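Hello,

Here is the structure I promised to pass on. Please have a look at it first, and then read my notes below.

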Amino acid sequence: KRAMNFQGSRRRGEDGVSTVINFLLSNARLVLGVGGAALLGIATLAVKRLIERAGRAAENEKVEQKMSESWEELSLVSASPTLLRKGIEGVVMKHVSKATKQQTADLCQNLEVFSPEVQPKHEAKSKRSQLCVLTLQERLQQFYSSRVVLTPHEVEKAQSLALDICTEIQGFLHSRHPDMPLGEMNLGGSLLDDLQVVSADHACLLVPLQLEPSLWRLIPGEETLLTHPLHWMVRRINLEYFPRGRSYWDRYLVGGYLSAESVVNMFSKAVMETANWPSISSTLDCLVRPVLGGPELRLEIRPESETESSNQLLFISMLPVLREGDVVLTAQPQLTSPWVNAWHLSLYPWETRRLAQLDAGDDGCRRLMLKILKAVCKLSPPLRHLQAAPLTNLILHLSDSESDWSKNSLEVRFQQCITELIGHLEQEALHSYFKPAVNLLNGLSEDQVDQMGFMLYCAVSDPDILLI
């Protein structure tokens, strides 16, 4: 395991300071412990980025003066580990707080500008003042109602369109490939489970493949040569009694296993490249086109009417799935590459079911918290690479140690989630709730981890920066 990497390009006048900073970071664990080192490391990144900004604008005397003042403040800090950390935090947060206050002031000013003209001026000022002094609990509730939750009309419209597309594709497959054993296609994912946030912009069509139980066996990832808990394989069995060709899916065998990549390639040619999309578009009164060139089976849906916003796109993914009991395997080569035979074990059904059970048991706000965190990450560029799975598992882990998930505890749980995320990013590990061997942060780059850590560290002192 390594500490967070905060390397940056050296610029004029930066070498000496960088040496000191790197020394502080490398020795932080000895005097501050792991938690203190995490905060110090992220604060150090913040200071170094302030220096980089100053280096890029070295000709600007005002910027140089501000940086000089910042480092003068740091130089006055005692050698005590606690004061050292607080000193660095203070310098960083001074700049972050200033920017946040300016954004809040701008927001309040805009509220006054957009107030109805018939409203008396003193009433407008009163409402603006009330908004600007909201508690974090109230800000979270306001953020949820205004930015996070989708309107019933928007959800119904997206679901209806996705189901229409589903009907068209299923009818096309039945007419062109009547012998292909498929189950009833249906809608799945966050749009169906009321977990989609900000905008109804994506949906998932599940395409169940029907396998003969006597001819196929689903092998858990830990039992395969890949040893990855999420990479399952589907073996063709009983070949001595039922030779190759007895099952429709035998044509997609690679080395004795059903190849997920071959199945996806088949659907890409059979549906994405063959269906009459202009005809389907005219039937549905919208523009439907396949997104070709990638490993996913995706459709882009664009409103045809000019009265609707041109950026209201809906992306629909076709997802071939295999089901056996509570096991759901998906054909997603982008997740299982380079193994052409591997199928992905989807933990999404387990995770969402567990969240719903916990909330039903104590009337909790776990699902509401998940939607807030998803919206925060979706609307904040530094956090955009943090997907739903790590956030869901973060809440599941936290539920094991925290019993109070009432609506009144929303503020406390939100701040706790931020702190927990900082710790996971510093450790570069957030383990799956159901498969602890899986690290859900494994796909993030060092730079992405640094940016997320910096943003979340700033939010520890001022959570409002995540809710703007």
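Before anything else, a word on naming: helices, labelled H, are DSSP runs of at least four residues, numbered from the N terminus. With that in hand, H11 and H13 each supply at least two residues of the lining of the largest cavity. Please keep in mind that this is a predicted model.

Let me start with that cavity. The structure holds 3 cavities of 30 Å³ or more, and the largest has about 70 Å³ of space. Which helix gives the most to its lining? That is H13, with 4 residues. Among the residues around the largest cavity are Leu-373, Val-376, Cys-377, Phe-414, Cys-417, Ile-418 and Leu-421. Leu-383, Leu-386, Leu-391, Leu-456 and Leu-466 also belong to the lining. By class, the lining has 12 nonpolar residues, with no polar and no charged ones.

The two helices also pack against each other. H11 covers residues 366–379 and H13 covers residues 410–427; their axes lie 11 Å apart, at an angle of about 50°. That angle makes H11 oblique to H13, and the crossing is right-handed. On the H11 side the contact is made by Leu-368, Met-369, Ile-372 and Leu-373, and on the H13 side by Leu-410, Arg-413, Phe-414 and Cys-417. Sorted by class, this contact has 7 nonpolar residues, no polar ones and 1 charged. Leu-373, Phe-414 and Cys-417 take part in this contact and also line the largest cavity.

Helix H6 (residues 152–176) and helix H8 (residues 277–284) have axes that come within 11 Å and cross at roughly 140°. H6 and H8 are therefore oblique to each other, and H6 passes H8 in a right-handed crossing. Here Asp-164, Ile-165, Glu-168 and Ile-169 in H6 meet Trp-277, Ile-280, Thr-283 and Leu-284 in H8. The contact of H6 with H8 has 5 nonpolar, 1 polar and 2 charged residues.

- The peptide bond from Ser-337 to Pro-338 is cis, with omega near 10°. Pro-338 sits in the loop between helix H9 (333–336) and strand E11 (343–345).
- Val-198 is not a glycine, yet it has a positive phi of about 70°. Val-198 is in the loop between strand E1 (186–188) and strand E2 (202–208).

Happy to talk it through whenever you like.

Best wishes

Methods: Residues are numbered from 1 along each chain as its sequence is written. This is a predicted model: local features need pLDDT of at least 70, side-chain atom pairs count only at pLDDT 80 or more; totals for chains, interfaces and linings use all residues. Side-chain values use heavy atoms; hydrogens and water are left out. Axes are lines fitted to C-alpha atoms, for helices over the stretch in contact, and angles run from 0 to 180 degrees between N-to-C directions. Angles under 35 degrees count as roughly parallel, over 145 as roughly antiparallel, 65 to 115 as roughly perpendicular and the rest as oblique. A crossing is left-handed if the near helix is turned anticlockwise from the far one by less than a right angle, and right-handed if clockwise. Contact means heavy atoms within 4.5 Å. Ala, Val, Leu, Ile, Met, Phe, Trp, Tyr, Cys and Pro count as nonpolar, Asp, Glu, Lys and Arg as charged, and the others, Gly among them, as polar. On a 1 Å grid over the protein atoms alone, a cavity is a set of points where a 1.4 Å probe fits but cannot get out, and a pocket is an open set with protein on both sides within 12 Å along at least five of seven lines; lining residues have an atom within 4 Å of a point. Grid points are joined across faces, edges and corners, and a volume is the space filled by probe spheres set on the points.
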